[in-house]
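Please look over the model below with its metal sites and its helix packing in mind. The report starts with a helix pair, then moves to the metals and the sheet.

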Amino acid sequence: MSSASDVPLFMQVMSSAHAIASKAGMIIRDIMKAGDLGVVLKNQREDDPQTEADRKAQRCIVSSLQTRFPGITVIGEEDLIESATDLIEMGDSEDVLSKACPDSLKSVSLADIVVWVDPVDGTKEYTQGFLDHVTVLIGVAVNGESVGGVIHQPYYNYQVPDSKMGRTMWGVVGLGCFGFTHKQLPESERVITTTRSHGTQAVQETIDAMCPTEILRVGGAGHKVLLCLEGTASAYIFASPGCKKWDTCAPEALLKAAGGTLTDVHGNKYRYEKDIKRMNTGGVIATYRSHDFYLSKVPQSIKDALPA
Ligand code: AMP
Ligand code: MG
Ligand code: MG
């Protein structure tokens, strides 16, 4: 196995994020197994719950990254201040360390990096038992652009007897994506995936304008981008504010690493500097191909209502 200290910092961060995401997945499964989710409502809203899994997985991810890379900027979804010395993961991923760092990322320094963390993406679905919708998202932005991402799916295969539960997918722009088989739907099928718990009239109106052959309403930004990458969906459409930078940073990196695109409804790329607003106010259009087609179908009235 390569030693982590021999590889460029960016790949060390990716390797660490890969190992940490699996540990966070174990935490998420253990809390569900123990049976007390400890749900509190954020902003007093039923559709924005936080569980002990969100809290504990975030403490694990943030504390682990900050211990391994002192001074690194990590922005997590949950508002927590205490760190967690008992949850620290210092391991590496042999898969990540065995790959060559793209030239463009070889000289990245700690000050160039912002890590965006969604400890549990699809929390609403986690509380409702739609377990394969749940992912752990660790996105690595360099100079404001999403370039690296880890998506861990703790309940992958949970309904398949005698199989290993959980999987970790990762990608780096300029290198590719790994941990799954990339497929695409035939162009004749237009399968749109969208939210199942944060729907609005504008979301529906936008999807209708795209004349889908099928609509898949599932939880999680990470899960929906995986459906696009694995050839189950053609596009992930969400013409509404609601998704935040920690929802899109990691999925965007995997999508771009595979040759796809994630923008707002105007076609603008999101940026990921540490002071950027958290909310993706312009919505999300994510595709593997035909991005311009989906953008062209967004009704003007909806574009006008969604600031860039
Ligand atoms: P969904 O597609 O509904 O699973 O949303 C993807 C991500 O964006 C999840 O992390 C959601 O919590 C978040 N999200 C989307 N819309 C909203 C909303 N209206 N309020 C709070 N979070 C939202
Ligand atoms: Mg999320
Ligand atoms: Mg979350």
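## Helix pair, metal site and sheet

Helices α6 and α7 are roughly parallel to each other (an angle under 35 degrees). The axes of α6 (residues 221-229) and α7 (residues 245-258) come within 9 Å and cross at roughly 10°. Axes are lines fitted to C-alpha atoms, for helices over the stretch in contact, and angles run from 0 to 180 degrees between N-to-C directions. Helices (H or I, at least four residues) and strands (E, at least two) are DSSP runs, numbered from the N terminus.

A221, G222, V225 and L229 of α6 meet D247, P251, L254, L255 and A258 of α7; contact means heavy atoms within 4.5 Å. Seven of these residues are nonpolar, one is polar and one is charged. Ala, Val, Leu, Ile, Met, Phe, Trp, Tyr, Cys and Pro count as nonpolar, Asp, Glu, Lys and Arg as charged, and the others, Gly among them, as polar.

This is a predicted model: local features need pLDDT of at least 70, side-chain atom pairs count only at pLDDT 80 or more, and totals for chains, interfaces and linings use all residues. Residues are numbered from 1 along each chain as its sequence is written, chains are lettered from A and ligands numbered from 1 in the order in which they are written, and side-chain values use heavy atoms, without hydrogens and water.

### Metals

| Ion | Donors | Distances |
|---|---|---|
| Magnesium ion (ligand 2) | D118 (OD), D121 (OD), D247 (OD) | 2.0 to 2.2 Å |
| Magnesium ion (ligand 3) | E77 (OE), D118 (OD), V120 (O) | 2.1 to 2.2 Å |

Donors are N, O and S atoms within 2.8 Å of the metal (3.2 Å for Na, K and Ca); water is not among the atoms, so sites may look incomplete. D118 bridges the two magnesium ions (ligand 2 and ligand 3), which lie 3.6 Å apart.

D247 is buried at 9% relative accessible area, and D121 is buried at 5%. V120 is also buried, at 1%. Buried means under 20% relative accessible area (1.4 Å probe, protein chains only).

### Sheet

Six strands form an open sheet in the order β3-β4-β5-β6-β7-β8, with mixed pairing. β3 and β8 (176-178) are the edges; each has a single partner strand, so one side of each lacks a neighbour in the sheet. β7 (residues 167-172) and β8 pair in the antiparallel sense over three bridges. Strands pair if DSSP finds at least two bridges between them. Helix α2 (residues 52-68) lies across β3, β4 and β5, at about 155° to β4.

Terms used: Parallel < 35°, antiparallel > 145°, perpendicular 65-115°, else oblique. Buried < 20%, exposed > 50% of the residue type's maximum accessible area, 1.4 Å probe, protein only.
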